[in-house]
Amino acid sequence: MAAAEPIPPGRDRPEESSAIGAAEFASLMAPLGPFGPAPRLAAGVSGGPHSLALALLADAWAKARGGHLLALIADHGLRPGSGAEAARVATRLRACGIKARILALGLPPGPGLHERARAARLAALLGACGAAGAPWLLLGHHRDDQAETLLARALAGSGPDGLAAMPALRAAPEALILRPLLGQPPARLEAVVAAAGLAPERDASNADPRFLRARLRRALGADPGGHVALAEAAAAFARRRARREDAIAMRLAAGAALSPLGHARIDPGALGADAVGLAGFVLLLRLVGGGAYPPEPAAAAAL
């Protein structure tokens, strides 16, 4: 068989620019289930092309199963006209037959803005899921977002777990957070929006060099090769993290038990003093203590 003709740098491969269809989206959702009959989904929608594509695909998927989608639009209140922008997005979605709700965050300016905005947005989205009885929250992160996350965490000195970047599924008290488009090129999502004839909103801060993400995006450039390699590396770290989490779960099942009062009873011999046992102990300390972050492994080992 003749070798495939090389694709010049910077040109999308054909599969990287074709719109994602209903059947393919269903195949992306399948491993994140089960969902049961009449699933009630929520999705975070900024109005950009990627979250709009997610809303269109998820709405069709839910309706085909007797369910529905609620689009949640977070208005951070940090830019002039952000309220009008959120209203435009809501109007656009409702014209497509998608229920939409605007969440006004009212964040004050100041240091650490991106981190604070991300945390406040996720908290508001999850709170709205709980209020609406929607046990699944879909987010529109894609392959290039995953590549940038790995780079950002590598620059911050993250270990193997951090380099696994964003998980496709994560549990929160209010809902399961799902990222069905995590392995997809952004051009495929933009093609979904173009096929629907929608005009997405564009956030100028996405190209602002004051922010790390924008600098990483510019450094990676338009060639998908770099994004593909980094996303594949994140996937490899994610598989390693999954194997480690499975081992920790097995060890905790044998060596620890939670009481209804929130205490943990530990069998040190069954839990073990190796790396897996220590990781399980760190997880228990965080769970019982209710901390946002786990304690340092060295301190847990000494304890």
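## A tour of the sheet, the cores and a pocket

Start at W136, which stands opposite L176 of strand 6. Strands here are DSSP runs of E with at least two residues, helices are runs of H or I with at least four, and both are numbered from the N terminus. The model is predicted, so local features need pLDDT of at least 70 and side-chain atom pairs count only at pLDDT 80 or more, while totals for chains, interfaces and linings use all residues. Residues are numbered from 1 along each chain as its sequence is written, and side-chain values use heavy atoms, with hydrogens and water left out.

Select strand 4 (136-138) together with strand 6 (residues 176-178). The two run parallel and are joined by three bridges; strands count as paired when DSSP finds at least two bridges between them.

Now show the six strands of the open sheet, whose order is 3-2-1-4-6-5 and whose pairing is mixed. At the edges are strand 3 (99-104) and strand 5 (169-171), each pairing on one side only. From one strand to the next the twist averages 25°.

Next, pick strand 1 and strand 2, a parallel pair with five bridges. On this pair, A43 stands opposite A71 in strand 2. Of the eight residues in strand 2, seven are buried; buried means under 20% relative accessible area, exposed over 50%, and partly exposed in between (1.4 Å probe, protein chains only).

**The cores**

Select F25, L41, V45, W61, L93, L138 and L181, which touch the most other members of the largest nonpolar core, a set of 36 residues. Such a core consists of buried Ala, Val, Leu, Ile, Met, Phe, Trp, Tyr and Cys residues joined through side-chain atoms within 4.5 Å. Elements that each supply at least two residues of this core include helix 1 (22-29), strand 1 (40-44) and helix 7 (186-195). Helix 2 gives the largest share, nine residues. Apart from this core lies another, of 15 residues, including A128, A132, A175 and I177.

Centre on L181. Beyond four places in sequence, L181 is in contact (heavy atoms within 4.5 Å) with residues including I20, F25, L54, H141 and L189.

S51 is in helix 2. Is S51 buried or exposed? S51 is buried, because its relative accessible area is 8%. Setting aside residues up to four places away, S51 touches G44, V45 and S46.

**The pocket**

Go to the second largest pocket, where A168, R179, P180, L182 and G183 lie nearest the centre among 14 lining residues. Helix 1, helix 5 (143-155) and helix 9 (224-255) each give two or more residues to this lining.

**Helix 9**

Finish at R251, in helix 9. R251 is partly exposed, because its relative accessible area is 21%. Which residues does R251 touch, not counting those up to four places away in sequence? They are A270, L271, G272, D274, V276 and G277. A279 is 28 residues from R251 in sequence and 9.8 Å away in space, C-alpha to C-alpha.

Technical notes:
Axes are lines fitted to C-alpha atoms, for helices over the stretch in contact, and angles run from 0 to 180 degrees between N-to-C directions. On a 1 Å grid over the protein atoms alone, a cavity is a set of points where a 1.4 Å probe fits but cannot get out, and a pocket is an open set with protein on both sides within 12 Å along at least five of seven lines; lining residues have an atom within 4 Å of a point.
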